[in-house]
Amino acid sequence: MNAVTEAVRELSYAEALREAMDIALDRDPRVVLMGEDIGVYGGAFQVTGDLVHKYGTDRVMDTPISELGGAGVAVGAALTGLRPIFEFQFSDFATLAMEQIVNQAAKLRYMLGGAVSVPLVMRFPAGSGTGAAAQHSQSLEAWLAHVPGLKVVQPTTPEDAKGLLLAALDDPDPVMIFEHKILYKMKGPVPEGHYTTPIGTAAIRRTGRDLTIVASGIMVHKALEAAREMEADGIDAEVIDLRSVRPIDRDTILGSARKTGRLMIVHEAVKTLGIGAEISAMVAESDAFDYLDSPIIRLGGAECPIPYNPELEKAAVPQVPGILSAARDLAKGRV
Amino acid sequence: MPDGYRDGNLPYAIRAYDADTLRAALRKMYLIRKFEEGAENSYTRGLIHGTMHLSIGQEASAVASCMALSDDDKITSTHRGHGHCVAKGADLGRMFAEFFGKETGYCRGRGGSMHIADPTKGNLGANGIVGGGLPIAVGAALSAKRLGTGAVTVCFFGDGANNEGAFHEALNMAAVWKLPVVFVCENNKYGMSTSTERSTAVKNIAERAAAYAMPGVTVDGNDFSAVAEAVDAAVARARAGDGPSLVENVTYRWRGHSKSDRNRYRTKEEIADWMARDPIPAFARLLVDHGVLTDADVADIEAETEQVIADAIAFAADSADPDPADVARDVYNPAAA
Ligand SMILES: Cc1ncc(C[n+]2csc(CCOP(=O)(O)OP(=O)(O)O)c2C)c(N)n1
Ligand SMILES: [Mg+2]
C-alpha cells in the first residue's frame with residue numbers, strides 16, 4: 001500500500017505563537033492581547049503581527065509604556081473575567097513589573113484562601129544572541145520559577161510554542177511563557193487547529209544510552225547538535241527538552257538519569273543558583289543518585305551580564321563545542 | 001427639620017437616600033468602629049498575631065464611598081482596609097475569624113488583616129503592597145467594559161500610594177481607555193510617619209487628576225454627605241461611560257500607623273483636634289437634625305452593633321484552626337489540567 005505523504009505544514013515559532021493567539025481570540029471572546037506596540041506595529045518581534053486588523057484595538061490593545069501598570073491591569077482583568085495575554089516587549093522589562101507578577105498574580109489565590117483564580121498568560125521574549133547587550137538579553141525564567149503560584153514554560157519548537165500557549169490559556173493559574181528571541185524565526189511542523197501541549201511535561205528529543213543532557217530553551221538545539229557530533233565518538237546521548245520549568249517533569253528526568261547513569265544540565269541563564277542547580281539537587285536527593293556513574297555536570301551562563309561584542313556575547317553562554325567537550329568528559333567518567 | 005433648610009438646600013445625603021439606607025449607613029460606621037476596637041482588644045489579649053492597620057476615625061470615607069455600589073460592583077482596598085470590607089457588606093464573624101487565623105475566615109486564615117477580601121461582595125481584597133491595588137482596579141474596570149457588565153470599580157488608596165509609579169500608570173491607563181473606575185484617595189495626612197507636605201509636591205492629591213485629564217475633587221472625608229455626593233457623582237459618571245475620576249477624602253487616623261508606631265511624628269494636640277471631628281456622631285447628628293432618626297434610635301443602633309461584634313468574636317474564637325497539612329493548598333487551582 002502506498003503511504004499518502006502529506007506535505008507537512010511548517011510555520012516559524014513566531015507564526016505558531018500568532019496562530020495560537022488567533023485561535024484563542026477567535027474561540028473565546030474573553031481573550032485580549034495586551035502589550036507595548038503589539039497593534040499596528042505587530043510587536044517588537046512581529047509575534048502579534050497583523051492580528052489587530054482582524055480583531056481590532058479593543059482585543060489587541062497597545063498599552064502605554066507602563067510595565068508595572070500594564071501587568072497589574074492584566075492581573076485585575078484576569079481576576080474579573082477576561083483572559084489576558086500580556087506581552088513584555090523584552091523579558092528584561094518584567095523587572096519593572098515584578099510587584100504585580102510576584103506579589104499579586106502569584107499570591108492572590110493563596111492569600112484569599114482559594115476564593116479567586118488569576119488565569120493570566122504572560123509572554124517574555126528572552127535570551128541573548130541579538131547584540132542587544134545587558135538590558136535586552138537576559139534569561140530570567142528561574143527568578144519567576146522560584147515563586148509558588150506561577151507556572152513557567154519555555155517552548156523550544158514551533159509546535160510546542162503553539163501548544164503551550166493554548167494550554168496556558170486553558171490553565172486557571174498564571175502561566176509565564178519564556179520565548180527565546182533567536183527561535184522566533186525557526187521553522188518546524190505545526191499541527192493545524194486547536195491542540196494543547198501539557199504544562200509540566202518534558203520532551204525526550206533524542207533517546208540515547210550513554211548520558212542524559214537536560215536542556216532548556218535554545219540550549220535544546222545546541223545540545224541536539226552536540227549529540228549528533230558525539231555520534232562520531234561513539235557516544236549516544238539522550239536529550240531532554242525541559243519545556244516546563246515549574247512544574248518540573250521529575251519523572252522524565254529521574255528516569256533518564258537512572259537509565260544512562262550520567263547527567264548534564266545546560267541552560268542559558270546564569271549557572272549559579274539556576275535551574276541546573278535545582279535539577280542536580282533533585283537527582284541527588286532521589287534514588288536516581290545511586291545510578292550515577294559520574295558527578296553531574298552543569299553548564300550555564302557566565303557570571304556576568306550579557307556583553308555587546310559578538311565574540312564576548314557567545315562566550316557568555318554555553319555553545320556547542322563546550323557542550324561537546326563536557327559530554328566527552330562525562331562519557332569517559334573523567335569529570 | 002432645623003431652621004434654615006429649604007428642600008433644595010438639604011444636605012446631599014438627606015436628599016439622595018431614604019431613611020432605611022441612611023440608618024444602614026450609620027450602622028455600618030458603628031460596625032467598623034466597634035470591629036476595629038474589638039480587633040485592637042483581641043490583639044492586646046493575644047488572640048491576633050502579626051500587625052494590623054486601624055482606620056478608626058476614617059469610617060465616613062469607607063461607608064460613603066460605597067453608597068452607590070451593588071454587590072456586582074468591585075472595590076480594591078488597602079492595608080487599612082477593614083472599613084472598606086465592612087462597607088462592602090462583609091460578614092463580621094468571618095472577618096474576625098480571618099484575624100484569628102481560623103479556617104472559617106474569609107481567606108481560611110491564609111491572609112489575615114492585610115489580605116482580607118470578599119469576592120462574593122465585589123471586594124477584590126486589601127493589599128500589603130502600597131499602590132498594589134491601583135492597576136488591579138483598572139483591570140477590573142477593563143473587564144467590566146469589555147464584558148459589558150455595567151460594573152464600576154472603586155479603588156481605595158492612601159495618600160502615600162499617590163507617590164508610587166503604579167498610581168500614575170493606573171490613572172493614565174484608566175483615562176486613556178475611559179474605564180469605569182473611581183479612584184478614592186483616603187488622605188489621612190501621613191504615610192506612616194511622612195506627612196503629605198514632606199512627600200507630595202502638590203497641595204491636594206486631587207490636583208494630580210489634571211495630569212490624567214480626569215475630574216479631581218477634594219472633600220472633607222469626615223463628612224459623610226460630602227463624600228457620598230462626590231463619589232456618587234463619580235460613580236454615575238463611570239457608569240455612564242464617561243471615564244474615571246479622582247476623589248480625595250481628607251481624613252485622619254486616630255491610632256498609630258500599625259502596632260509598631262511610637263507616635264513621634266505628630267502632636268497630641270493634632271490628634272485631639274481630629275478626634276473632636278469624629279465622623280460618626282457628626283453623621284448621627286445630621287440624621288437626627290433632619291428627623292431621620294431620634295437620639296434613642298442612634299443609641300439603639302450603637303448598642304445593637306456591640307452585640308454583633310460580641311457574637312462575631314465568639315464565632316471566630318470557636319472556629320477551628322487550619323490543618324498544617326494543608327499549608328500548600330490553594331497555591332494552584334486544582335481545576336488545572
Ligand atoms: C510598596 C510598599 N512600600 C512600603 C510599604 C510599607 N508601608 C505599609 S503602609 C505604609 C504607609 C502607606 O501610607 P498611605 O498610602 O498614606 O496609607 P495609610 O497607611 O496612611 O492608610 C508603608 C510605607 C509597603 N507595604 N509597600
Ligand atoms: Mg496615609
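Domain bounds here come from an automatic or database domain assignment. Welcome to this predicted model, in which local features need pLDDT of at least 70, side-chain atom pairs count only at pLDDT 80 or more, and totals for chains, interfaces and linings use all residues. Residues are numbered from 1 along each chain as its sequence is written, while chains are lettered from A and ligands numbered from 1 in the order in which they are written.

Let us start inside chain A. Domain 1 of chain A spans 10–189 and domain 2 spans 203–331. Taken over C-alpha atoms, the centres of these two domains are 26 Å apart. Their contact (C-beta atoms, placed from the backbone, within 7 Å) takes 24 residues from domain 1 of chain A and 25 residues from domain 2 of chain A.

Next comes the meeting of the chains: 37 residues of chain A are in contact with 37 residues of chain B. On the chain A side, helices H3 (67–79), H4 (98–105) and H5 (108–111) each give two or more residues. H3(A) gives the most, with nine residues. Helices are DSSP runs (H or I, at least four residues), numbered from the N terminus.

Finally, ligand 1 has 15 residues around it, and B:Arg80, B:Val130, B:Gly158, B:Gly160 and B:Gly191 come nearest. Such a residue has its C-beta atom, placed from the backbone, within 6 Å of the molecule.

The table sorts residues by class: Ala, Val, Leu, Ile, Met, Phe, Trp, Tyr, Cys and Pro count as nonpolar, Asp, Glu, Lys and Arg as charged, and the others, Gly among them, as polar.

| Residue set | Classes |
|---|---|
| Side of domain 1 of chain A that touches domain 2 of chain A | eleven nonpolar, ten polar, three charged residues |
| Side of chain A that touches chain B | 17 nonpolar, 14 polar, six charged residues |
| Shell around ligand 1 | five nonpolar, eight polar, two charged residues |

Terms used:
Two residues are in contact if their C-beta atoms, placed from the backbone, lie within 7 Å.
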